[in-house]
Each structure stands twice: as structure tokens, then as C-alpha cells.
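Trainee: Before we discuss any labels, could you put the model up, so that each term can be set against its definition?

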Amino acid sequence: MDERPNPRPSIPAWAWILAILAIILALQLFFSRRINSPEEIPLSEVVAYIENEQVEKVEVSGDALAITLEDGTELSSTKEPGIGFMETMTAMGVESELLNSFTFDPNDNSGWNTFFSIAISLAPVLLLIWIFSRGFRQMQGGGNSIFGFGRSRARNINEGDRPTVTFDDVAGVEEAKEEVHEVVQFLREPEKFVQVGARIPKGVLMVGPPGTGKTLLARAIAGEAGVPFFHISGSEFVEMFVGVGASRVRDLFNKAKEHAPSIVFVDEIDAVGRQRGAGLGGGHDEREQTLNQILVEMDGFSNETNVIVIAATNRPDVLDPALLRPGRFDRKVIVDLPDIKGREEILRIHARGKPIGSQVSFEDVARLTAGFSGADLENLINEAAIFAARRNKTTIGRSEMQEAFDRVVMGPERKSRVIGEEDKEIFAYHEAGHAVVSHNLVHTDPVQKITIIPRGGAGGYVMSLPEDRATRHTDHFEDQIAFALGGRAAEEIFFGRVTTGAASDLKQATRIARSMVTKYGMSDALGLRTYGEDHNNVFLGRELATNRDYSEEAAKLIDREVRSILDRNYERAKDIVLHNRDKLVRLVEGLMKAETLDRDEFERLMNEESSDATAPVGALMPEV
């Protein structure tokens, strides 16, 4: 290892500039005598002072005169150039005896004044020359200077800072891991594939929702490939100056070719890879020029270069088709949300080095966290560890995992929110209505927990135990709508009025019903077709508007069908609440006492036959 002494800390350029400007200003003020400058008088008054014998001293500096009177007053004057002071006074009629009555200092500093005047005039020019020369030297030495716009900012991972992540640290995406693992084999043993006529892929595009592990896979490749690994973000190519992005692309690929075999990883490639001709700017847009250069560089590779480009994005739909064709990105690797087995493996990986209690079941946590990404699961484990530390525990228990899940899904507990007894009772009946309706339907997820403790923007919630499903059918959607409307049904039956607490439930039920009618063809009246075509914002990549590709009559029919689905399932929810009135009341009494009920306590209350069976309910933590 090269152990060189630490260099002296360099003084920043702005400090040099300020120091030089301060020196120039001080010299200018000093030699121009602007600081406490004495009063200037004509030579005739100087003669008068000499004749009255009031002068104590006269100093000559070039053509400038500095006169000091006997009372200490300092004056200044100017003589005729080229003539000495004594000759000037004699010519003006001053007697020689009077000229000897004061101290005379004939110092001639005209040469120094001229030198400093020239120096002060040239100093700004020299300062500018120094600034530009320093900038150009930095431009030649590295890409981080103010002039190094065109140089690539990609970081080359060498052996010293290579990530320690391997493929053993990646879970939940086994198929994607196998696909990218072959990339390492291509670089380690290229002759194995070349001898059978196989062409090494030029590009691998990893596609998937945020947080599923695309960048983690890239880090695993960097940790195991053993070749130079250049990584950069797509947004780092684009700069305010036109042509900078294309220059950086050229510089990046030139470096990769010099270090071949190597890997180039471009994260969030959709920042520069969006489809050309969309939005403002036309063909002269800086982003499009950058994309054109990427297309040229990738298509210019030969089989012998052994340079592979890996890119990651969560918006493949906005990428330019020329970027996705074979010969550029030959492989598209789907990095999807993990299933229950993948979630369990991810939880075990993130639990390494953490004191997990023996009562915590990763299988149960994985079943509870359907739809979570790898990043969500890592955050769940971290939140549980924070709760354990906050409670001064040495292990992470089941209650910490449940509390972390509630915080991640619903937000922090709002302990400061004061709820009156009337509102608390309404919340209890509302959540009990959801739970009872869900319990009596076939195609709903089992109830895992009921609480009336406010979290986030909700006054309470019913947590279900979701299952991984690849498809959904009509009965499933119908039961989901009835479950969503169960809280409002309970409010109407028990209080004779409804509140604003069902706003989000109505929104969810309407969204499901409209999707059944317009997207999935689940309406006999509208037939087997879809209605409406989504338009995406070319800049934000979000749904901006829906193109109405149907008539006004069809729009009225859609509204009628959506209304019919909602009304039908609302009646189903009310019938369930009416037929289970006693059970719902027992459930409300338990919620008013304990505020939170777990699955076992809920099942016990639902299976009790006696209408007055209201055994005390303790504040039980739900099992995970």
C-alpha cells in the first residue's frame, strides 16, 4: 500500500481572490492618500505661510508637497513639474533666509509612485489570467472542476472499494438473479460461449417496481464479477450546456473500453432514455442528443470488447424503442415483487446481526406483508429494531414487529389526538361493521386485527391477512366492495345517519366497481370491451388524463352500472350487519374496552352464541 504523507490542506481559490483584492484596495488607498488626506492649498498660500514663518517642515515627493505647520496642521500642495521646490520658491520672491527657517526633505519618490500605479493597473488583469490558467489546469487534470463538464462522472469500482454484496445477499428474485449471474459467467469465461457460436449480450435491462432490488443486483454483480465496474445515474449525463451529455457518454464508454472486460451500470436510465420526439425541444433537445450518443456507443460494440451495459428502470414503457432492440439491450430482466417464500428469505437476510426473539415467525410476517418490496421489508425490520431500542429491550419481539408493521402501513400512532366518547363509539361501530362483513363473506381475506387507535389519517382500521393471488374474479371484487361498505352500513343501521369516516371506503369501492365495468369486461350490459385509454405525461410519467373513446350513451351506461354494483353490495353489507347485530355489539364492547383486538379474540367473539356473552377483553398484542 502506498503510504504517502498527507498533503498540506490547499487554500481555496476564493480565499486567494479575496486576499489579492484586499491588497490591491489597500495599496490604492494608501498611495492615493485617500485615508486622512490633508487639505490641498495653492502655492501662493504656501509662500504666505513661509513668509509668516509658520512652516515647520516641507516634504517633497515628486511634484507633491507635504507641509507641516508649527501648530501641527498638515497641508498639501503641488509644484510645477520639472522645477525644484527651492527654485520655485525663489522665483516666487521668497527670501533665502526664510527658506532656511524650516526643515526641508527633498525625497523624490516619483519612481516608486509610477511603479505602484502600474502595478495597481495591471493587478486585475494578472488576477484574471491566473484564474483562467488555474481553471484550465484543473480541466486537464480531472472532471470535477468547473471546466470539466464534458468528462464522465462515472465511478470506477476497483478492488479496494468493491462492494462486499454477493448473490447470496439477494433473495426473492431467483429468476432475475439467475439471468444476471450469467453476465458474470460471460465475463469470466467468454471462450466457453464463443466456442459454441454464442454472442455475449451487449446490454441487460433490469425492470421492476421501486425497491425490488435492481440496484442491489448490480452491486452483487460488481462484488462477484471481478472486473472494472463503472456506475453512474442517468440524470448525471444531462447538464445545462448543450452537448455535455453526449460528451460524457463518449468519455464513459472510452474508459470502459480501455479497461475491458468491464461493466457499465446506468441507474434510472429513463432519465435520458425516454422516447425521442416527445415533449418540448424537438431533435435539438439535450436529452435526445445524449440518448443518440448512447445508441451509437452501444451499437458500436464488437464481440471482442467484452463490455456489458447494465441498466435499471421502473418505467420501461417510456423508453425509446431503439434502446430496447436486440443488439443494444439484448436481455430484459424482470425484477418483480417477491412472493411469500421470497419475502421470508428477504426477512431472514435483513435480520442478520439483529437479536430476533424466538417467538417471531418470519413465515407469519411474510404472510402478513403481501405486496411488500424488498426495501419495505428492510424498513420493517429496521423500525422493529428502533421500537426495541426505544423500549430498552435486548431482543426484537413479536410486539415490536407488529408495531413496526402498523407504522409502515398506516403511519405513526397519534397519541396526542383527543377523541370524545361519541366519536370513539362511532369508530368502534364503523370498524366492527367492516370486520363482521368480512367474516361472513367467502372471498375476503381473514381479519388479523381490529383497532380504534388513530394512526395516520385514519381513526381506526381493520387489518386483513392478504394472500398472494395471480388473478381476481367477479365474486372477489363484489366481496371487496361489500367489505369496504360495511363500516358505512353499520353507521346507518345503529345510528340512523352516516359520517365522513367512510370517505376513503367509498373511493375504494367506486374504483373497484369502475374497473370491473371499464377494464375487465365484468358487466353484461356493456359487453366485452374496455372503455377509456390512459394517457401518460411524457415528462412526469404519470397518468395525466383518460381519452374518452366512447359515446355519451356509453358514459351514462357506465355510471349506471357502477351505481348498480355499489348499491347491490351495499345492500349485502347491510343484510350481514342486521343478521349479526348481536355479534357486532359484542365486538364493539370489546373494542371500547381494549381498543385493539387480535385475530384470536375476534374469532372468539364471533363464535359465541349467547347474546350477552361479554367476557372481559384484555389489551392483547396481535400475533404475527
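Trainee: How many aromatic pairs does the count come to by this rule?

Mentor: The count comes to seven aromatic pairs, where rings of Phe, Tyr and Trp (its six-membered ring) pair if their centres lie within 6.5 Å. This is a predicted model, in which local features need pLDDT of at least 70 and side-chain atom pairs count only at pLDDT 80 or more, while totals for chains, interfaces and linings use all residues. Residues are numbered from 1 along each chain as its sequence is written, and side-chain values use heavy atoms, with hydrogens and water left out.

Trainee: Why is the pair of Tyr429 and Phe494 called tilted?

Mentor: Planes under 30 degrees apart count as stacked, over 60 as edge-to-face and the rest as tilted. Tyr429 and Phe494 have 40 degrees between the planes and 4.7 Å centre to centre, so by that rule they are a tilted pair.

Trainee: What makes this pair a tie between parts of the sequence?

Mentor: Tyr429 lies in helix 16 and Phe494 in helix 18 (residues 486–495), so the pair ties together parts that are 65 residues apart in sequence. Helices here are DSSP runs of H or I with at least four residues, and strands are runs of E with at least two, numbered from the N terminus.

Trainee: How do you know that helix 17 and helix 20 are in contact?

Mentor: Contact means heavy atoms within 4.5 Å, and it is made by residues including Glu478 and Ile481 of helix 17 and Ile565 and Arg572 of helix 20. The axes, which are lines fitted to C-alpha atoms over the stretch in contact, come within 8 Å and cross at roughly 65 degrees, on a scale from 0 to 180 degrees between N-to-C directions.

Trainee: Which axis distance and angle describe helix 21 and helix 22?

Mentor: Their axes come within 9 Å and cross at roughly 145 degrees, and the contact is made by Lys583, Arg586 and Leu587 of helix 21 and Phe602, Leu605 and Met606 of helix 22.

Trainee: What makes the largest pocket a pocket and not a cavity?

Mentor: On a 1 Å grid over the protein atoms alone, a cavity is a set of points where a 1.4 Å probe fits but cannot get out, whereas a pocket is an open set with protein on both sides within 12 Å along at least five of seven lines. The largest pocket has a volume of about 1,300 Å³, that is, the space filled by probe spheres set on the points. Of the 45 residues that line it, having an atom within 4 Å of a point, the closest to its centre are Val462, Gln480, Phe483, Asp505 and Gln508.
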